[in-house]
Amino acid sequence: MGRQERHRKVLGPLLRAGLEVIPDAVPASAIPHVLGYEQERILGGFLVAYEDPRLVERLNEGWYDLAMSTGLLDENREFLLMLPRGTWTAAEDRRRRMTHTWHRVRLLDRWDIMGAGANSFLGIHAGHPGFAMLALDNSVWLIADTYESGVGVYAVCDPALSPGVLRDLEWLAREDIYKDREFRREVTAWLERRQQR
């Protein structure tokens, strides 16, 4: 993908959502994928019903409060955002079942994660998000998803220390379920670095 196409399809929509992508700055220690965490690791969360007339506003307020209270954002308001490897929106990505990769981003002063963001890479459309975020030090994993009656957003502490997450990563390193060799190599390399510590 060329520079102009990447800006038009990826960086531009994220900037409109208030997220500046910081290129080539993802820490090597970032856990490559999170699944299978334990219930007791949930730090907090909230649910907003679709029928709420202030859906996007309440989602944005709740996301920011949760991100701040759990330590997702560092002192520069930076964190990791999981995005598709290509230029597909979340809706297209769900159909294709593609793997994702972390991008380091900075939250700008004016932002709209659950409106303009969910309308591009961070969801299906405004008020219907679907994203994962990670603190730079792996201490917090935050996810937003749509359910039958509303949107749920919750934070999980220390996913890289979760036995369930580690078990799933070991399984992903053995089984090529996504048919993505690069992703499998990333998972394997992360697990090897973790064992060397």
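User: How many salt bridges does a search of the whole structure find?
Analyst: The model is a predicted one. A pair counts here when a side-chain nitrogen of Lys or Arg lies within 4 Å of a carboxyl oxygen of Asp or Glu. Searched over the whole structure, that rule gives a total of 7.

User: Which parts of the chain does the salt bridge between Glu20 and Arg106 tie together?
Analyst: The side chains of Glu20 and Arg106 meet with an N to O distance of 2.8 Å. Glu20 is partly exposed at 29% relative accessibility, and Arg106 is partly exposed at 27%. Glu20 belongs to one strand and Arg106 to another, 86 residues apart in sequence, so the pair ties together β1 (residues 19–22) and β4.

User: What is the distance from the backbone oxygen of Ala25 to a polar atom of the Arg104 side chain?
Analyst: Arg104 is found in strand β4, which covers residues 100–107. From the backbone oxygen of Ala25 to the polar side-chain atom of Arg104, the distance is 2.9 Å.

User: Which residues form one aromatic cluster with Trp63?
Analyst: Leaving out residues up to four places away in sequence, Trp63 touches Phe79 and Trp111, and also Phe46, Leu72 and Met133, among others. Both Trp63 and Phe79 have the most contacts inside the largest nonpolar core. The cluster is formed by Trp63 together with Tyr64, Phe79 and Trp111.

User: How many residues does the second, separate core have?
Analyst: The largest nonpolar core has 30 residues. The second core is separate and includes Ala30, Leu80, Trp141 and Ala160. Its number of residues is 23.

User: What is the angle between the ring planes of Tyr37 and Tyr154?
Analyst: The structure holds 6 aromatic pairs. Tyr37 lies in the loop between β1 and β2 and Tyr154 in strand β9 (residues 150–157), so this pair ties together parts 117 residues apart in sequence. The rings are 6.2 Å apart centre to centre, and the pair is tilted, with an angle between the planes of 50°.

User: Which residue has its C-alpha atom 5.1 Å from that of Ala17?
Analyst: Ala17 is placed in the loop between α1 (3–16) and β1. Ala17 is buried, with a relative accessible area of 0%. Beyond four places in sequence, Ala17 touches Trp111, Asp112, Ile113, Ala116 and Gly117. The residue whose C-alpha atom is 5.1 Å away, 99 residues apart along the chain, is Ala116.

User: Which residues are in contact with Pro27, leaving aside neighbours within four places in sequence?
Analyst: Pro27 is found in the loop between β1 and β2 (42–49). Pro27 is partly exposed at 23% relative accessible area. The C-alpha atoms of Pro27 and Trp102 are separated by 9.5 Å. The contacts of Pro27 are Leu80 and Leu136.

User: What percentage of the residues of the chain count as buried?
Analyst: The chain has 6 helices and 9 strands. Its accessible surface comes to about 10,500 Å². Of its 197 residues, the share that count as buried is 48%.

Note on methods: Residues numbered from 1 in each chain as written. Predicted model: local features only at pLDDT ≥ 70, side-chain atom pairs only at ≥ 80, totals over all residues. Heavy atoms only, no water. Helix = DSSP H or I, 4+ residues; strand = E, 2+ residues; numbered from the N terminus. Buried < 20%, exposed > 50% of the residue type's maximum accessible area, 1.4 Å probe, protein only. Areas by Shrake-Rupley, 256 points an atom, 1.4 Å probe, with all protein chains shown as cover. Polar contact = N/O pair within 3.5 Å; in protein donor to acceptor, adjacent residues only side chain to side chain. Core = buried A, V, L, I, M, F, W, Y, C linked by side-chain atoms within 4.5 Å. Contact = heavy atoms within 4.5 Å. Phe/Tyr/Trp six-rings, centres within 6.5 Å; stacked < 30°, edge-to-face > 60°.
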